[in-house]
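Notebook open, viewer open. I want to jot down what I looked up here, in the order I looked.

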Amino acid sequence: MSINDWFKQREGRRYTVSAPGCPEGKPGDGLPDGVWRSCPQCKRTLYQGDVARCLSVCPHCGHHFELIARDRIDAIIDPGSFEEIDTTLTSTDPLRFSAGKPYGATLEKARESTCMTDAALTGRASIGGHPVVVGAMDFRFVGASMGSVVGERIARAFDLARDERRGVVLVVASGGARMQEGMLSLMQMAKTSAAAGRLAQAGLPYVSLLVNPTYGGVTASFAVLADVIFAEPGAMVGFAGPRLVEQTIRRSLPKGFQSATSLVEHGMIDDVVPRVELRERVATVLDYLMPDAALEAGDL
Amino acid sequence: MARFVMEFERPLAELEDKLGSLKSLDIAATPELAAEIADLEREVERLRVTLYSALSPWEKVQVSRHPDRPKTDDYVAGLFDQVVELRGDRAYADDQSIFTGLATLDGRRVVVIGHNKGHSTKENVARNFGSPHPEGFRKAERAMRLAARFSLPVVTFLDTAGASPGLEDEERGQAWAIASCLETLSALPVPVVVVGIGEGGSGGALAIGFGDRLIMLEHSYYSVISPEMCAIILHKDAARAPESAAALSLTADDLLRLGIVDEIVSEPLGGAHREPDMVIAEVGLRVGAALDALAGEDPRALVERRYERLRSIGVYNEAG
């Protein structure tokens, strides 16, 4: 193996843990337990087996490593309860977007390296015994940007939850709207927001978890329309990216700008929740907010 | 005062200047001048037609940003009577980059919401160049809710480069303010007619930019991202904006083809700023017709149809 190949292989393994359904040997499936890695926050060298056992959180300093979408879902649902939906939706290149790299090639590469069909994954599951529709976004897929497929999956998630009287729990990360699909992408903001609004009108709860990074058109639509919003430690969340803000105000940004903790201070989200406490916290919220199934049956 | 010349107009402007200086000469003293002037006039006319009848997407973006292009308050003054401006978001400030008010269009009582660029530098500073802060979107949402309570149709005018990307805008929840507008607008139980009059920049435009009827001026644009920003992301070079503008499918024609826009209002040769009164009057007729077509619809059916339409937007493959 050449040194370049070795680096390439490592690059493919930056994301941890398993991706079921992914063909063997593709990047995105497991980092073997025997691998040593370094924590970007405390710089300690870590044994991957230890990291994996802690939901990919550094056992020394609590740094939250990125997770692939599938593992995001596994981290919050009742074990084994996930049943993926809308698996056959795939993006096309409706504008034949030609500036820069052809969009078709970008999609092809993303599918190859992530074994996903697009940047969001949705399905039925249960959390604390409550029936929910869950979803998670994966930053590796074109920056988890929202185009037609992501918008459709999210809107369908809300619609399905409304039809089946489920709650919705979404783990959100995104660079924003997917510019290669132009206005079709921008309109997904309206579409997903409308769908979230209809779930709310139906009296069903929606909890969102914002992870690093969440920006642009996704923040400014369904991500923040939840009844309860949590963020993961270290998540950066905003509308405009920090570089653009800095250019606009022509001075340096205050420390902690757009960080999860500053969002709590400014009243924008409810709490910063460590990954290990997340499932229980979401389950508790659902305990309060899910309509009583027995009562609902009585009403009919 | 020097007139504003767009980059692509320069050859025409030079010819026009030459014509102007010839005309200022004493024709009586030099009889052959008359013929030269007539020639030049024909040449200017020919160039004007070729230049403006086939504008590229990037040229349209420039026309949409022309400082003399009619603004929301020109439409408000030109089309509506009995205007009662509604100011303030009742929480923080009155953001003048968005106009909201009660108004009457030819006997039809409506709520007007529009991004409001200024006519002068002073006005533009006061209005943040038409880029709303969170309080602007919250004011817009307040106007939407008012419209719903009193069953008044909503007419919106789009003309913004985008939501303001400042430090305080972020801290006061820019994304939250926009998202909330989207949710409210999507379920508004009254007719919503949207008119793209200039720039339709991203989420800041979308917050008041969809409804039951979307009308666009011929040279206005509506885009997921500005051509400059797109060029910076793709090539790290804002000068390649013309390519991005073409790739983004952001013109009225493109969006009509994609089914996002319902109708286009033609502009006079050179752009709306050449004949503002004519364009404003035409927009008034189109908005009036759209309101009449939507009047008397069952509110629930209206909301349901708006949702169906939103749900249908997007292009993807689905196997099985």
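Domains first. I looked up the assignment for chain B, which gives domain 1 (7-54) and domain 2 (61-312); such bounds come from an automatic or database domain assignment. Taken over C-alpha atoms, the centres of domain 1 and domain 2 of chain B are 38 Å apart.

Ground rules, before I forget. This is a predicted model, where local features need pLDDT of at least 70 and side-chain atom pairs count only at pLDDT 80 or more, while totals for chains, interfaces and linings use all residues. Residues are numbered from 1 along each chain as its sequence is written, and chains are lettered from A and ligands numbered from 1 in the order in which they are written.

Next, a helix pair. I checked helix H1 (residues 10-23) and helix H2 (residues 32-53) of chain B: they pack at about 160 degrees with axes 10 Å apart. (Helices are DSSP runs of H or I with at least four residues, strands are E runs of at least two, both numbered from the N terminus; axes are lines fitted to C-alpha atoms, for helices over the stretch in contact, and angles run from 0 to 180 degrees between N-to-C directions.) That angle makes H1(B) roughly antiparallel to H2(B), a label for anything over 145 degrees. I noted the contact residues, including B:Leu15 and B:Leu19 of H1(B) and B:Ile37 and B:Leu40 of H2(B); contact means C-beta atoms, placed from the backbone, within 7 Å. By class I get 11 nonpolar, no polar and 7 charged. (Nonpolar is Ala, Val, Leu, Ile, Met, Phe, Trp, Tyr, Cys and Pro; charged is Asp, Glu, Lys and Arg; the others, Gly among them, are polar.)

Then the interface. It takes 47 residues from chain B and 49 residues from chain A. On the chain B side, H8(B) gives the most, with 8 residues. That side has 28 nonpolar, 13 polar and 6 charged residues.

Strand E4 (residues 89-91) of chain A pairs with E8(B) in the antiparallel sense over 3 bridges; DSSP must find at least two for a pair. A:Thr90 sits opposite B:Asn317 there.

Most residues other than glycine have a negative phi, and most peptide bonds are trans. A:Asn212 and A:Pro213 are joined by a cis peptide bond, omega about -15 degrees, and A:Pro213 lies in strand E8 (residues 206-214) of chain A. A:Arg250 has a positive phi, near 55 degrees, and I found it in the loop between helix H8 (242-249) and helix H9 (260-265) of chain A.

How values were computed
Angles under 35 degrees count as roughly parallel, over 145 as roughly antiparallel, 65 to 115 as roughly perpendicular and the rest as oblique. Two residues are in contact if their C-beta atoms, placed from the backbone, lie within 7 Å.
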